[in-house]
Amino acid sequence: MIDFSHFNSIYELTSYFNTEDKCRRAIFESRWNKHDVVCPLCGQHHCVSRTDGRFHCCHCKANFSVTVGTIFENTKIPLVKWFLAMYLISCHKKGISSVQLATDISVTQKTAWYILHKVRTLFKQEDVILSGVVECDEMYLGGRETNKHEARKTKGTQGGAKTKIPVFGMTMKWKTEDVDKETGEVKEQTHTYEVAKKVADTKASTIIPIIRHFVADGSTVVTDESSIYNGLNEYYNHVFVCHSEKEFTVGSFTTNGIEGFWGHFKRVIFGTYHFVSKAYLERYIDEAVFRFNTKEMKESDRFGYMFGKAMGTCYYKDVKMSVAA
Ligand SMILES: [Zn+2]
């Protein structure tokens, strides 16, 4: 199994992954545990190697390559360039343009655009269960701003109702205590995990089922005073923070986790892409969420996580999520 923790710089990555063979080996070892090759068509185990580098299934007689079913399937672009592209895309915190990527890995802009599109599919949000303390909030992209919380207003976006796109976000917060190995000092750290979805509207009939889907019963759900959240106390410990009265904290509960995400979200959306069409919004939301959720990871961990997602074998909960009860 390749140890991804070494790859903390582009130099280290490209020094190692400098041949197609090494890249293929990494894919092989990541997807087929203990070298047990599983047929992607019928699920048969222990498929055999062919002399041409591909594999043969003795059950369904299929021949297949190591990249089948991954984002690299049937690609004519060298895997060395794919790996470098994935690294660059994952480590540029606000994303990377196809023009920049084309220059960085020496391909045409059209090819770079294709790679970006493929790699972005890895950002797709996972179906997770949030628990503990979860802050929920909605925001409008490009919508009328007058009714919004002051901190959340976006300048220059006083569009009409037609341009409003509601996005609903949920931030799970948890704390860990890390002991400093040298001083023995205990440091408390707050972690967050975000889920955000484009929604048709912000009516209770739309929002409540989403919360019910993602948030475990008995959790503490923190929202603003909007009436759409009425009734949540049937399932959750529901805490209101009255934004209209400029209230930000109730006891130890705040909405600063979700506020932090909206800030990040706007920087990604407006900082990198300037303009986002409704058709692609879902993808940009997924990308912003991915970058937010992996912001504490080292470059190598983020790349390893992304690589695992490309193989379909890696989930956030396996990498990082641990919820303090
Ligand atoms: Zn088969």
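Axes here are lines fitted to C-alpha atoms, for helices over the stretch in contact, and angles between N-to-C directions run from 0 to 180 degrees. The model on screen is predicted, so local features need pLDDT of at least 70 and side-chain atom pairs count only at pLDDT 80 or more, while totals for chains, interfaces and linings use all residues. Residues are numbered from 1 along each chain as its sequence is written, and side-chain values use heavy atoms, with hydrogens and water left out.

**The whole chain**

Colour the protein by secondary structure to find 10 helices and 10 strands; helices (H or I, at least four residues) and strands (E, at least two) are DSSP runs numbered from the N terminus. Of the 325 residues, 47% are buried, where buried means under 20% relative accessible area, exposed over 50% and partly exposed in between, using a 1.4 Å probe and protein chains only.

**The helix pair**

Select α2 and helix α3 (residues 79-91), which pack at an angle of about 60° with their axes 8 Å apart. Show side chains, and Glu20, Cys23, Arg24, Ala26 and Ile27 in α2 are seen to meet Leu79, Val80 and Phe83 in α3, contact meaning heavy atoms within 4.5 Å. The residues of this contact divide into six nonpolar, no polar and two charged; Ala, Val, Leu, Ile, Met, Phe, Trp, Tyr, Cys and Pro count as nonpolar, Asp, Glu, Lys and Arg as charged, and the others, Gly among them, as polar.

**The zinc site**

Next, select the zinc ion, whose protein donors are Cys39 (SG), Cys42 (SG), Cys57 (SG) and Cys60 (SG), lying 2.3 Å from it. Donors are N, O and S atoms within 2.8 Å of the metal (3.2 Å for Na, K and Ca), and since water is not among the atoms, sites may look incomplete. The angles among the four donor atoms are 104 to 115°, and the site is tetrahedral, a label given to four donors if all angles lie between 85 and 135 degrees. Along the sequence the donor residues are spaced C-x2-C-x14-C-x2-C. Cys39 lies in the loop between α2 (20-31) and β1 (48-49) and Cys57 in the loop between β2 (55-56) and β3 (63-64), so the pair ties together parts that are 18 residues apart in sequence. Cys39 and Cys57 are both buried.

**The three-stranded sheet**

Now select β1, β2 and β3, an open sheet in the order β1-β2-β3 with antiparallel pairing, two strands being paired if DSSP finds at least two bridges between them. β1 and β3 stand at the edges with a single partner strand each, so one side of each is left without a neighbour in the sheet.

**The five-stranded sheet**

Move on to the open sheet with the order β6-β5-β4-β7-β8, where the pairing is mixed and neighbouring strands are turned by 25° against each other on average, direction ignored. Strand β4 (residues 133-141) is joined to strand β5 (residues 165-179) by nine bridges, and the two run antiparallel; Glu135, for instance, stands opposite Thr171 in β5. Thr171 in turn has Glu194 as its bridge partner in β6. In the hairpin of β5 and β6, which has six residues between the strands, Gly184 takes a positive phi near 80°.

Methods:
Tetrahedral: all angles 85-135°; square planar, octahedral: opposite > 155°, others 65-115°.
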